[in-house]
Amino acid sequence: MRIAIIDDEEAIGAQIENLVKNYSKKNNVIADTVRYNEAVSFLENYNSDFDVIFLDIKMPKLNGMRAAEMLRAKDNDVIIVFVTNLRQYAICGYSVDAIGFVVKPIDEYDFTVLMDKVVRRFEARRQTECTIKTAEGLRRIRVRDIDYIEIIKHKLIYHTTLGDIASWGSLVAVESELSKEHFSRCNVCYLVNLYRVQEINGDFVTVAGTPLKIARSRKKDFFADIAKFWGNDN
């Protein structure tokens, strides 16, 4: 879990970072934190590569509420937590789907309760999203938006409803990360999202309008996966 902490008060930023570290150790949660003292440069370089953002409401240049609105225009799914001096400011968080808020001075027990909620949402969302490494950084997309994944040598191409996304690595590794109930290999080059299968005709499966060859060696297992998936009425 990657966490950004945006707060112009050095002491508060450091406190949140330490609280995250303590929570991670006690609860066996892997979390990396990055601190920023203002939101402008953070937003300019944002590539949907964070899972959670702690965002101070009262900051110079760009206040936290406006920053959250701009952030939502880039990323609908990142978890936002507001940091504030006054509880009444936190009600504004509903408009940007903030998960909650912490009040300065930060109480460790309240922080722990909030982090439990953050982790639950993160774990639930991780089942429906995947993170892709690209030349520009990391990109997070919904699993259902993937049509199929193709490998050419060591280059991975995610064919999605949002367009093609280039990455690199092993198709075997990607396959192990995605749900075996929803993805299946039709040959060594293609990993198919079964949600996106439209028809099977002979030795070809049509995925989001694209016919893909079904290898003879994969045919039995692929057909079994399709039958199971369709049988579950997904």
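## Terms and model

A residue is called buried if its relative accessible area is under 20%, exposed if over 50%, and partly exposed in between, using a 1.4 Å probe and protein chains only. By this rule Tyr 36, at 26% relative accessibility, counts as partly exposed.

The model is predicted: local features need pLDDT of at least 70 and side-chain atom pairs count only at pLDDT 80 or more, while totals for chains, interfaces and linings use all residues. Residues are numbered from 1 along each chain as its sequence is written, and side-chain values use heavy atoms, with hydrogens and water left out.

## Overall build

The protein has 234 residues, and buried residues make up 46% of them. Its C-alpha trace spans about 65 × 35 × 30 Å along the principal axes. The secondary structure comes to 7 helices and 15 strands; helices (H or I, at least four residues) and strands (E, at least two) are DSSP runs, numbered from the N terminus.

Contact means heavy atoms within 4.5 Å. Among contacts with a separation of 6 or more, 52% are between residues 24 or more positions apart.

## Helix H1

Helix H1 covers residues 10-27, which is 18 residues. From its first C-alpha to its last it reaches 26 Å, close to the 26 Å expected at 1.5 Å a residue; the expected span is 1.5 Å times one less than the number of residues. The buried residues of H1 are Ile 12, Gly 13, Ile 16, Glu 17, Leu 19, Val 20, Tyr 23 and Ser 24. Seen down the helix axis, these buried residues fall within an arc of 160°, so they line one face of H1. The arc is that of the directions from the helix axis to the C-beta atoms.

The face turned away from the buried side of H1 carries the exposed residues Glu 10, Ala 11, Lys 25 and Lys 26. After H1 comes Asn 28, which has a positive phi, near 55°.

## Helix H3

In helix H3 (residues 64-74), the buried residues are Gly 64, Met 65, Ala 67, Ala 68, Leu 71 and Arg 72. They fall within an arc of 155° when seen down the axis of H3, so they line one face of the helix. The elements that cover the buried residues of H3 include H2, S3 and S4.

The N-terminal end of H3 is capped by Asn 63, with a side-chain oxygen 3.1 Å from the backbone nitrogen of Met 65. A polar contact is a pair of N or O atoms within 3.5 Å; within protein, one must be able to donate a hydrogen and the other to accept it, and residues adjacent in sequence count only if both atoms are side-chain atoms.

## Nonpolar cores

A nonpolar core is a set of buried Ala, Val, Leu, Ile, Met, Phe, Trp, Tyr and Cys residues joined through side-chain atoms within 4.5 Å. The largest core has 23 residues, of which Met 1, Ile 16, Val 52, Phe 54, Phe 111, Met 115 and Val 118 touch the most other members. Strand S1 (2-6), H1, strand S3 (52-56), strand S4 (79-84) and helix H5 (108-126) each supply at least two residues of this core. H5 gives the most, with 6 residues.

Leaving aside neighbours within four places in sequence, Phe 111 is in contact with Ile 16, Leu 19, Val 20, Phe 54, Val 102 and Ile 106. A second, separate core has 21 residues, including Phe 50, Ala 68, Ile 80 and Val 96.

## Aromatic pairs

Rings of Phe, Tyr and Trp (its six-membered ring) pair if their centres lie within 6.5 Å; planes under 30 degrees apart count as stacked, over 60 as edge-to-face and the rest as tilted. The whole structure holds 7 aromatic pairs. Tyr 36 and Phe 50 form an edge-to-face pair, at 6.3 Å centre to centre and 80° between the planes. Tyr 36 is in strand S2 (residues 32-36) and Phe 50 is in the loop between helix H2 (40-44) and S3, 14 residues apart. Phe 50 counts as buried, at 3% relative accessibility. Ring pairs link Tyr 36, Phe 42, Tyr 46 and Phe 50 into a cluster.

Tyr 195 and Phe 229 also form an edge-to-face pair, at 5.1 Å centre to centre and 85° between the planes. Tyr 195 lies in the loop between strand S12 (190-193) and strand S13 (197-201) and Phe 229 in helix H7 (residues 216-231), so the pair ties together parts that are 34 residues apart in sequence. Tyr 195 is partly exposed at 24% relative accessibility, whereas Phe 229 is buried at 3%.
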